[in-house]
Amino acid sequence: DDGILHLVWVRELGSNKNVMYSNSTDNGVTYSDPIQINHNSNSIVAYIQAGPKIKVRGNELLIVYMDHRSGLTNIYLNYSIDNGHSWSEDILVSDQPYLQAYPDIEVASNGIIHLIYYSYNQNNSFNSVRYSTAQLSSLEFSESTAVGVTGDANEPCDCCQPDMEISPDGDIYIAYRNNVENIRDIYIAIKAAGSDGFNDIIRASFHNDYNNHCPSSGPSMQIENNMIALSYRVSDAATSYIDYSDITILSFNNAVSINSPGGSSNFSDIVLNEEYIHVGWIDYETGNPDVLYGVSQIGTGAIINI
């Protein structure tokens, strides 16, 4: 709310990875000197799309990330209460016995922190999506529970980053790439405010995206007012899409390709602002990737200003 832009990333020097933080007080024109926020150096894990995540809660900055100091990847959190000048000790926030990865974090309007991450079995096969919360003025996370999206016939794609959002009514939405016999379309699990679990699972893309290996790209989701927007990659078509729905209906039938001519778009990320969906993506049109941007006005079925 004070207009400061907070940025977090992984710095890689040889095989050493650490989580770095910087901020800008002039709308991104200049940045402060980078600070390493993790105290246990050189044990950071980061994958495509699955780097550290930063959120604000009141006067706290919160960063979650993956770390393998124990020999298995776990989820850690650091916080700052002085606008990023200093950072807490590393706090373990995942609670499963084997490998855990792909975290996301959101802060609700009531100050409750919501955390999700993927959990794996001893042989690294997929186990479950875990969900946990920390109450207002606390960083003590509850015992995690399984979201309930893994079954005999389907499971989340185990190397694709999920995305979590909170609606204005306090409902929790988790968008993830599903795997049903190598058909890897996008699904959303929903936990209504006040309910005990994620009791509603909907399919949000209908491309029958066949892929017999992990595509390593998850969806991006944004909620504003009564609208929900998505962007995602369809590996079978080598392109990415945006889509949207009224949040009370949750019917995604407005998919628009975000490809540039002759290109191949991937790792898209969106911002929904009023009736506009802004999207950035990595494009391989020249063989070497570039960052592209476009914007779509809801209802037009087109992306302009690429």
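Is Tyr76 buried or exposed, going by its relative accessible area? Keep that in mind while you read; point 5 comes back to Tyr76.

1. Some ground rules. This is a predicted model, where local features need pLDDT of at least 70 and side-chain atom pairs count only at pLDDT 80 or more, while totals for chains, interfaces and linings use all residues. Residues are numbered from 1 along each chain as its sequence is written, and side-chain values use heavy atoms, with hydrogens and water left out.

2. Have a look at the open sheet. Four strands make it up, in the order S9-S10-S11-S12, with antiparallel pairing. Strands here are DSSP runs (E, at least two residues), numbered from the N terminus, and two of them pair if DSSP finds at least two bridges between them. The edges are S9 (100-107) and S12 (145-146), each pairing on one side only. Between S9 and S10 (residues 113-120) there are six bridges; Gln100, for instance, has Ser119 in S10 as its bridge partner.

3. Next, a hairpin. Strand S5 (residues 53-57) runs antiparallel to strand S6 (residues 60-67), and five bridges join them. Arg57 has Glu60 in S6 as its bridge partner. Two residues lie between the strands, and Gly58 in that turn has a positive phi of about 60°.

4. On to the rings. The structure holds nine aromatic pairs. Rings of Phe, Tyr and Trp (its six-membered ring) pair if their centres lie within 6.5 Å; planes under 30 degrees apart count as stacked, over 60 as edge-to-face and the rest as tilted. Tyr21 and Trp87 are edge-to-face, because their planes meet at 65°, with ring centres 5.1 Å apart. This pair links distant parts of the chain, 66 residues apart: Tyr21 is in strand S2 (residues 16-24), and Trp87 is in the loop between S7 (74-80) and S8 (91-92). Both Tyr21 and Trp87 are buried.

5. Back to Tyr76. With a relative accessible area of 8%, Tyr76 is buried (buried means under 20%, exposed over 50%, partly exposed in between, using a 1.4 Å probe and protein chains only). Its ring and that of Tyr65 have centres 6.3 Å apart and planes at 20°, so the pair is stacked. Tyr65 is in strand S6 and Tyr76 in strand S7, eleven residues apart. Tyr65 is buried too, at 1% relative accessibility. The charged end of Arg69 also sits over the Tyr76 ring, 4.0 Å from its centre (the rule: NZ of Lys or CZ of Arg within 6 Å of the ring centre and within 35 degrees of the ring normal).
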